[in-house]
Amino acid sequence: MEKCDVLIIGGGPSGSVAACKLLKEGFSVIILEKLDFPRFVIGESLLPRCNQILDDNGLIDIIQDQKYMVKGGAIFINENKEEQYIDFRKNLGQKWGTSFQVKREEFDNVLLQSAQKLGADVRHGYEVLDYDNEKNQITAKDKKGQIKEFEARFVLDASGYGRVLPKLLDLDIPSDLKLRNAIFTRVKGEFRREGDAEGFIDIVIHDDNQAWLWVIPFSDGTTSFGVVCEEEYFKKTGLSKEEFFDKVIGEHSYLKEKFKDAQKIAPVGIINGYSAAIKKMTGKGYALSGNATEFLDPVFSSGVTLALESSNKVAELISKELRGETVDWKKEYEDYMMIGINVFREFVYAWYEGKLRKIFYTKNKSEIIQKSISSILSGYVWDENNYFVKDTREKINALAGMV
Ligand SMILES: Cc1cc2nc3c(=O)[nH]c(=O)nc-3n(C[C@H](O)[C@H](O)[C@H](O)COP(=O)(O)OP(=O)(O)OC[C@H]3O[C@@H](n4cnc5c(N)ncnc54)[C@H](O)[C@@H]3O)c2cc1C
């Protein structure tokens, strides 16, 4: 039986950032990661709030050194090729007004290696199979199929889509968001914008928003491209995912032009029903962070931001508890996280209901409303000075009603 202060399940951004913080506090950390790195995972467009958390944890320099594409914001493009820019630099005064477009196989690897350099004992090829909550013991299977046992003072589940503790402890509940598909690939050779607009993410509205598409440009000239729609919308076409992709591009005047000379350089992948929700985020001796908690929707690229925010907060609270201080997990962690998650949730609902599109495409918005929207879409969803952070739904509805 191997022992440590904190055992982290999963070496994604959530696990790595929590590890870095805990190691700096002097705790011993083992990270069990099922896969060998680098490994692919979806979710390549980051928000400025990520930069702030990386900055707070001494990780921003190493990420800046990677020369990733700088992301200054998002461009929404409708069926008539009308463009609406959300410039993250025009925010409510927050320090970070840009972020990065990253290949996650590279970004996650850099973060995990940073944790390793700080002293994390990283075990690749270790798949967590079981958890004894009474003894705080973890059972894992290594690459050779051998069973290994670990005991920790605290277990953090950062297993993302693996959802290890939610499955083992029966914590999963159905998401209140609709079942949607994401179909994606990588391309090269598409037409790009000039200057710093090259790094913006495109969010392309198709067929009265029955589908929307992301276009995420990387600094090596390749691009991530994906379509999101309700499962039924895809199924009723009767097409394969490759054919569906080509059909959507062919039908959209902006995409048809943009991808005229582009070639696919990766197989077309699909993820069904990606949204997930949870009964609770913590229990005696354990907590969940990142995608192992709640995942909403990719439309505002909030996933990695929420993963980093939760791991930053959870690591602070684990340190506190392990030093013998009392932690009110419900108030200090769950309630805190739900403030930001719920702001994004309302924005996601309003996006699919068409209200946000209406607001985005209204020309005479006041400067403060524009900056408030930009700050929310930058991931500053805990900023109580932002108009949209309290009573989000009512405020979006009121604004959509007015325009
Ligand atoms: C279609 C789609 C598009 C998205 N686009 C974006 C985007 O543009 N921007 C954004 O910020 N987010 C996006 N996301 C969300 C993003 O993918 C996640 O929020 C993010 O990866 C969460 O990070 P994490 O560290 O929590 O988990 P992950 O990055 O999933 O890391 C978890 C790690 O745990 C490991 N693991 C799993 N099971 C086990 C086990 N049993 N034992 C040991 N290890 C295990 C995995 O191998 C993995 O390495 C998107 C999601 C979807 C579905």
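Reader: Which residue does Arg192 meet in a salt bridge?
Author: In this predicted model, the side chain of Arg192 meets that of Glu198 in a salt bridge, with 2.9 Å from N to O; the term stands for a side-chain nitrogen of Lys or Arg within 4 Å of a carboxyl oxygen of Asp or Glu.

Reader: And is Arg192 buried or exposed?
Author: Arg192 counts as buried because its relative accessibility is 15%, while Glu198, at 27%, counts as partly exposed. Buried here means under 20% relative accessible area, exposed means over 50%, and partly exposed is in between, using a 1.4 Å probe and protein chains only.

Reader: Before we go on, what should I know about the numbering and the cut-offs in this model?
Author: Residues are numbered from 1 along each chain as its sequence is written, and side-chain values use heavy atoms, with hydrogens and water left out. Since the model is predicted, local features need pLDDT of at least 70 and side-chain atom pairs count only at pLDDT 80 or more, whereas totals for chains, interfaces and linings use all residues.

Reader: OK, how many salt bridges does the structure hold?
Author: The structure holds 39 salt bridges, and among the residues involved, Glu83, Arg193, Asp202 and Lys258 are linked in a network.

Reader: What about Arg357, which residue is its salt bridge with?
Author: Arg357 forms a salt bridge with Asp208, and their closest N and O atoms are 3.5 Å apart. This pair links distant parts of the chain, 149 residues apart, with Arg357 in helix H11 (residues 355-360) and Asp208 in the loop between strand E13 (201-206) and strand E14 (211-217). Helices (H or I, at least four residues) and strands (E, at least two) are DSSP runs, numbered from the N terminus.

Reader: Is Asp208 buried or exposed?
Author: Asp208 is exposed, with a relative accessible area of 58%, whereas Arg357 is buried at 18%.

Reader: Switching to the backbone, where is the cis peptide bond?
Author: The cis bond runs from Phe37 to Pro38, with omega near 0 degrees, and Pro38 sits in the loop between strand E2 (29-33) and helix H2 (48-56).

Reader: And what is phi of Asn136?
Author: Phi of Asn136 is near 55 degrees, a positive value in a residue other than glycine. Most residues other than glycine have a negative phi, and most peptide bonds are trans. Asn136 lies in the loop between strand E8 (127-132) and strand E9 (137-141), and it counts as buried at 7% relative accessibility.
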